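Please open the model in your viewer and keep the selection panel at hand. The stops below say what to select next and what is to be found there.

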Amino acid sequence: MQPRNMSMSGVVDLAAVKAAGEAKAKAEQARAAAARQGGADGAVPGAVAPSALVIDVDEAGFELDVLELSHQVPVVIDFWAEWCEPCKQLSPVLERLVTGANGRLVLAKIDVDANQLLMQQFGVQGIPAVFAVVAGQALPLFQGAVPEQQIRETLGQLIQVAEERYGLTGIAVDPAAQGAYGGPAGGVDEEPEGPYDALLEAAVVALDAGDLGGAVQAYKNVLAGDPANSEAKLGLAQAELLARVQHMDPQAVRAAAAARPADPAAQIAAADLDMAGGHVQDAFGRLVDAVRVTAGDDRNAVRLRLLELFEVIGADDPRVSAARTALARVLF
């Protein structure tokens with residue numbers, strides 16, 4: 001299992017748009033279902049015990065305990081074995097940091113001796129090996145008993161990406177609760193649809209079919225009634241980007257941009273290609289430079305496209321903050 005739909009570098013593709021939309025919808029449904037459960041004896045509604053954040057997983061339970069759960073909260077996977085001395089150093093650190101994340105992560109421990117098939121599917125070459133599954137997508141984190149500070153930073157980045165791209169804010173934790181986590185909240189499939197769920201689903205269906213125009217219109221229909229809908233805003237920005245680049249000749253576009261650095265249309269087209277290919281900082285830097293060397297309507301066109309590209313990865317991304325600062329410097 002290699003990372004397919006999720007990328008720390010911000011690669012944008014059809015699968016990423018679709019996965020993010022589906023993950024956010026599932027996360028919202030799970031949170032609503034948990035909130036409806038109610039809490040007896042003062043317990044937090046829908047909450048789990050801290051001990052439930054660390055679970056043992058085998059091949060039979062992987063789909064429910066990891067894949068389904070990953071649509072609510074990022075699941076960190078610790079591949080280990082009883083005979084592995086480095087594993088005995090790493091596992092307690094992982095358990096402590098995951099528990100300390102207070103529901104924003106879950107740790108799944110997989111004994112490789114008893115689960116050879118899972119080890120092969122993830123391409124594990126040696127242990128300890130640590131992966132994550134987010135919205136059903138797997139990605140490697142690190143291998144070996146790495147320093148705690150590095151683990152802490154990696155998990156922090158994982159939490160940030162899961163929240164910003166997939167809307168996964170985790171599961172509620174009640175320190176007074178008892179027992180283990182029993183999988184995704186019951187009744188999620190029976191959750192009544194929200195007023196825009198059908199339109200958002202239509203956008204996902206259109207993306208699946210390669211109908212970018214249909215996806216764009218579906219997202220616009222949502223925003224017409226709910227201008228602040230974050231899922232629709234993100235989906236629209238990404239679908240519009242993909243629609244702009246799908247028929248481009250990359251070689252010709254990049255040649256034109258290199259030959260005409262002050263041509264706003266050439267730089268805008270190249271920046272779209274940069275962004276669609278996951279080269280986020282290159283796209284932002286190109287347009288900031290174009291703003292610097294243009295004026296009047298040309299400068300405004302470049303500036304507006306840069307603002308549109310900010311929406312593709314979300315305003316909270318640190319690369320957006322850096323680009324906003326750079327833009328302000330050249331404008332003022």
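A residue is called buried when its relative accessible area is under 20%, exposed when it is over 50%, and partly exposed in between, with a 1.4 Å probe and protein chains only. This is a predicted model, in which local features need pLDDT of at least 70 and side-chain atom pairs count only at pLDDT 80 or more, while totals for chains, interfaces and linings use all residues. Residues are numbered from 1 along each chain as its sequence is written, and side-chain values use heavy atoms, with hydrogens and water left out.

Of its 332 residues, 48% count as buried. If contact is taken as heavy atoms within 4.5 Å, then among contacts between residues at least 6 apart in sequence, 71% join residues at least 24 apart.

Next, select Ala135, in the loop between β4 and β5 (137-143). Its phi is near 55°, a positive value in a residue other than glycine, and at 5% relative accessibility Ala135 counts as buried. Then move to Asn102, in the loop between α3 (85-100) and β3 (106-111), which also is not a glycine and has a positive phi of about 60°. Is Asn102 buried or exposed? Asn102 is exposed, with a relative accessible area of 52%.

Show the backbone at Ile127 and Pro128, where a cis peptide bond joins the two residues, with omega about 0°. Pro128 belongs to the loop between α4 (116-121) and β4 (129-134).

Now display the sulfur atoms of Cys84 and Cys87, which a disulfide joins with an S to S distance of 2.4 Å; a disulfide here is a pair of cysteine sulfur atoms within 2.5 Å. A search of the whole structure finds 1 disulfide. The torsion about the S-S bond of Cys84 and Cys87 is about 80°, so this disulfide is right-handed. Cys84 is buried at a relative accessible area of 3%, and Cys87 is buried at 2%.

For the aromatic side chains, rings of Phe, Tyr and Trp (its six-membered ring) pair if their centres lie within 6.5 Å, and planes under 30 degrees apart count as stacked, over 60 as edge-to-face and the rest as tilted. The structure holds 5 aromatic pairs. One of them, Phe284 with Phe310, is edge-to-face, at 5.0 Å centre to centre and 85° between the planes. This pair links distant parts of the chain, with Phe284 in helix α11 (residues 280-293) and Phe310 in helix α12 (residues 296-313), 26 residues apart. Phe284 is buried, with a relative accessible area of 3%, and Phe310 is buried as well, with 0%. Select also Phe62, Phe79, Phe122 and Phe131, which ring pairs link into a cluster.

Then turn to Trp80, where the charged end of Lys109 sits over the ring, 5.4 Å from its centre; the criterion is NZ of Lys or CZ of Arg within 6 Å of the ring centre and within 35 degrees of the ring normal.

Finish at helix α8 (residues 230-245), whose 16 residues reach 23 Å from the first C-alpha to the last, close to the 22 Å expected at 1.5 Å a residue; the expected span is 1.5 Å times one less than the number of residues. Buried residues in α8 include Leu234, Leu241 and Val245.

Technical notes: Helices (H or I, at least four residues) and strands (E, at least two) are DSSP runs, numbered from the N terminus.
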